[in-house]
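Let us walk through this structure one contact at a time.

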Amino acid sequence: KPALLDYGPGPGKERCDVVLQLLAILSVLSPLLQAVKKKFSEHLQKTGIPSGSQDKVSVLDSGPEMAEPKLAVDPVATSNLSAKAPEFYPPGYNQNFNQNFTDSSFEDRCDGYLTLAEYVQDFLNHLTEQPGCFETEIEQFAETLNGWVIADEALQELVELIYQQATSVPNFSYMGARLCNYLSHHLTISPQSGNFRQLLLQRCRTEYENRDEATKGDETTRKQFHAFVLFLAELYLNLEIKGTKGQVTRAEILQEGLRELLNALFSNPVDSNLICAVKLLKLTGSVLEDAWKEKGKNDMEEVIQRIENVVLDANCSRDVKHMLLKLVELRSSNWGRVHGTTPHAEATPENDPNYFMNEPTFYTSDGVPFTAADPDYQEKYQELLEREDLFPYYEENGADLSGPGELYFDEIDDEMDPEIEEAYEKFCLESEHKRKQ
């Protein structure tokens with residue numbers, strides 16, 4: 001107490017005054033330090049630091065020696081995932097490809113890659129992700145390859161990389177065929193083992209010779225074989241061969257190869273093989289038939305007959321049989337091609353074979369289809385209009401003949417299902433929220 005520290009005048013008195021002043025300062029700082037400690041605890045709770053770590057906060061309330069507050073925080077586990085993490089990219093994809101590939105000089109473009117395989121694979125991945133860049137970047141790609149591919153082994157490696165991409169990546173078969181066609185005309189290397197096109201066809205022949213075993217294999221084997229078949233079909237459509245006189249033709253060896261592949265697929269009529277055959281014919285049927293007709297061959301008729309036999313005899317699913325029948329129907333309409341032989345204004349059923357091509361199909365009461373090309377069209381169509389069970393309140397031109405309060409419209413339930421209504425309201429709210437943002 002102050003009375004106990006009153007030593008009278010002299011040095012003792014001065015020391016007593018200093019002590020009193022320190023005590024006065026500490027009495028003022030103590031509530032401030034308590035308030036700081038309270039605020040700091042609240043801050044730790046808001047930032048998510050566990051309550052146990054608050055005990056590790058060292059704050060000196062009072063005393064002659066005051067230390068600065070020290071915070072000891074438990075380490076927080078952090079994730080390494082980000083928008084650029086490899087988990088979000090296909091295998092083998094190089095995130096720095098665009099920067100490496102679009103540099104101006106050849107040396108700079110190649111500096112980012114240690115091997116030819118890395119460079120080619122990055123470009124293939126780039127085409128897979130952005131197929132629209134083919135026209136603008138293919139010339140630069142071929143130029144780079146001409147400076148890099150200078151040995152037989154490098155050309156073989158290039159062919160294998162493109163083949164694997166075209167037969168293993170979905171939807172790359174078309175782009176791969178276009179790439180093969182361009183490189184077959186623009187790669188300057190032509191070793192004794194064969195140029196790019198010859199080596200590519202040799203690689204395809206390896207798979208082609210295993211066609212019978214592949215169609216009888218397990219699901220994985222058949223899937224790989226089907227990807228090869230569709231790639232070969234795209235090659236047939238896109239690979240151009242220039243003759244000595246400058247004429248451009250298709251690879252005839254591929255035409256014969258596709259015929260044998262169809263035989264192999266129909267010889268083992270499981271669903272997956274038949275679906276692959278349908279895709280192949282939808283893709284190349286019209287071109288194959290035209291080519292066979294030019295040679296006086298009737299191969300397409302044999303293929304169609306084979307399909308009809310499969311529909312009758314094979315133990316395939318009903319959906320696959322329906323696909324095969326639709327393919328036969330497509331071929332009967334000249335593969336959906338409409339060649340105008342007469343100007344539209346002068347076209348008649350007599351002078352234009354495609355006059356009724358786009359006419360709708362109707363059905364009689366017995367379910368028999370008919371179109372405007374049918375000789376009894378008018379009579380059948382009039383009978384159709386008189387069938388009140390189908391058109392109770394409508395004229396031929398579609399005008400509404402029903403008045404207010406008609407039974408037909410009164411019975412229509414325009415209320416939503418509760419779940420649909422709830423989902424619709426949620427959709428509207430989310431749309432409105434996004435619009436305001």
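**A helix pair and its surroundings**

Helices α6 and α8 cross in a right-handed way. A crossing is right-handed if the near helix is turned clockwise from the far one by less than a right angle, and left-handed if anticlockwise. The contact draws on L155, Q156, L158, V159, E160, I162, Y163 and Q164 of α6. From α8 come F196, L199, L200, R203, C204 and E207. Contact here means heavy atoms within 4.5 Å. Sorted by type, the residues of this contact are nine nonpolar, two polar and three charged. Nonpolar covers Ala, Val, Leu, Ile, Met, Phe, Trp, Tyr, Cys and Pro; charged covers Asp, Glu, Lys and Arg; the others, Gly among them, are polar.

Two packed helices are described by the angle between their axes and the distance between the axes. Helix α6 spans residues 152-168 and helix α8 spans residues 196-208. Their axes come within 10 Å and cross at roughly 55°. That makes α6 oblique to α8. Angles under 35 degrees count as roughly parallel, over 145 as roughly antiparallel, 65 to 115 as roughly perpendicular, and the rest as oblique. The axes are lines fitted to C-alpha atoms, for helices over the stretch in contact, with angles from 0 to 180 degrees between N-to-C directions.

This is a predicted model: local features need pLDDT of at least 70, side-chain atom pairs count only at pLDDT 80 or more, and totals for chains, interfaces and linings use all residues. Residues are numbered from 1 along each chain as its sequence is written, and side-chain values use heavy atoms, leaving out hydrogens and water.

Now take C204 of α8. Does its side chain sit buried or exposed? C204 is buried, with a relative accessible area of 3%. Buried means under 20% relative accessible area, exposed over 50%, and partly exposed in between (1.4 Å probe, protein chains only). C276 is buried too, with a relative accessible area of 3%. How many disulfides does the whole structure hold? The search finds zero. A disulfide is a pair of cysteine sulfur atoms within 2.5 Å. The closest cysteine sulfur to that of C204 is in C180, 7.7 Å away, too far for a bond.

Next comes A214, in helix α9 (residues 211-215). A214 is buried, at 6% relative accessible area. Not counting residues up to four places away in sequence, A214 touches T221, R222 and F225. Finally, the whole chain. It has 17 helices and four strands. Helices (H or I, at least four residues) and strands (E, at least two) are DSSP runs, numbered from the N terminus. Buried residues make up 32% of the 437 residues. Among contacts between residues at least 6 apart in sequence, 56% join residues at least 24 apart.
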